[in-house]
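Let's take a friendly walk through a protein model together. Have a look at the fold, then read on.

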Amino acid sequence: MTDRRLLLVHAHPDDESIGTGATMAKYVAEGAHVTLVTCTLGEEGEVVPNDLAHLAADQDDALGPYRVGELAAACQALGVEDHRFLGEPGRWRDSGMMGVAANDHPRAFWGADLDEAAGELVKVIREVRPQVLVTYDDNGFYGHPDHIQAHRVSRRAFELAAKPGFGEGEPWQIAKLYHTAVARSVMRRGVEVLREAGSGFYVEDVEDMPFGSTDADITTEIDARPWIGNKVEAMRAHATQITVEPPWFALSNNIGQEVLGVEHYILAVGVPGPAVPGPPIEAGGLGEPHNRENDLFSGIH
Ligand SMILES: CC(=O)N[C@H]1[C@@H](O[C@@H]2[C@H](O)[C@H](O)[C@@H](O)[C@H](O)[C@H]2O)O[C@H](CO)[C@@H](O)[C@@H]1O
Ligand SMILES: [Zn+2]
């Protein structure tokens, strides 16, 4: 398939690089059309660099526009030229972590009308006509309200885009829908090395982290190690959110995580492609059995 089109829906500026950056750079390099939709501007984020602390929501409330620039730089590092904010920039606002007052902001994405937000994503789907859609699982990967809402909006748009008679434009059926994932076995290996490395990052037990999948849940291994440099550059562009000291990175909580060149996914809708041997464990791959697809577009004809 030559006209491969991949759509990714992420909640905040930084998620695209952290979770799928190497995959995005790989598919751009291989000639696919990669479209990124970001649902908020990340207005409620913490700010890592002290000299930028004034941008925070409880000070100048200028973090959103600043992160728009960070995201543009990250997209350039990944080679992604087609980026949109859901609806338009600022249509929906970063809701903050679960339970905070920002969840109730009148524009909080967490409170968005599901069909209104999904309708905006349908417009992108029917324009781009992607064969593959990537977003989070129903827990939003780690439970953040904007991530959960990104999942819900994506799943609703997946259905509505294919529905004859709904909205403008020709119906479009996306062939495969994936959820992002990180295997706990990979996380455990990273924590062991980080603990031994004695870096300045905190080390958290895998069981205490709010995300992680079993090896058996992972359906797809994308070996994008040749593009890990693009991923590091893109993560570095999000300097208000991420500290990167390869092979490690940390968010504002300073909990060390590994920058992964092999990115894992769970096929939620669609027919998997052929199972092939995956990358070696030392590269971030899973152990035996190697019964996983290695291409988001495999099995699509
Ligand atoms: C990766 C991601 O989704 N980041 C979100 C998240 O940021 C976290 C949040 O500020 C939390 O309070 C910190 O402890 C943690 O270190 C941060 O990663 O939530 C932000 C607010 O909604 C969001 O802007 C950021 O992109
Ligand atoms: Zn996020």
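Helices (H or I, at least four residues) and strands (E, at least two) are DSSP runs, numbered from the N terminus. Arg-129 has a positive phi of about 60°, although it is not a glycine.

A word on the source: this is a predicted model, in which local features need pLDDT of at least 70 and side-chain atom pairs count only at pLDDT 80 or more, while totals for chains, interfaces and linings use all residues. Residues are numbered from 1 along each chain as its sequence is written, and chains are lettered from A and ligands numbered from 1 in the order in which they are written.

**Helix pairs**

Two packed helices are described by the angle between their axes and the distance between the axes. Here axes are lines fitted to C-alpha atoms, for helices over the stretch in contact, and angles run from 0 to 180 degrees between N-to-C directions.

| Helix pair | Axes come within | Crossing angle |
|---|---|---|
| H3 (residues 114-128) and H4 (residues 145-161) | 8 Å | roughly 60° |
| H2 (residues 63-78) and H6 (residues 228-237) | 8 Å | roughly 175° |

Angles under 35 degrees count as roughly parallel, over 145 as roughly antiparallel, 65 to 115 as roughly perpendicular and the rest as oblique. H2 and H6 are therefore roughly antiparallel to each other. Their contact (C-beta atoms, placed from the backbone, within 7 Å) involves Glu-70, Ala-73, Ala-74, Ala-77 and Leu-78 of H2, facing Asn-230, Glu-233, Ala-234 and Ala-237 of H6. H3 and H4, in turn, are therefore oblique to each other. Among the residues that meet there are Leu-121 and Ile-125 in H3 and Val-153 and Leu-160 in H4.

In what order do the strands of the open sheet of three strands run? The order is S7-S8-S9, with antiparallel pairing (two strands pair if DSSP finds at least two bridges between them). Strand S7 (243-245) and strand S9 (257-258) stand at the edges with a single partner strand each, so one side of each is left without a neighbour in the sheet. S7 and strand S8 (residues 248-250) pair over three bridges, and Val-244 has Phe-249 in S8 as its bridge partner.

Now look at the loop between S7 and S8, where Pro-247 lies. The peptide bond from Pro-246 to Pro-247 is cis, with omega near 10°.

Methods. Contact = placed C-beta atoms within 7 Å.
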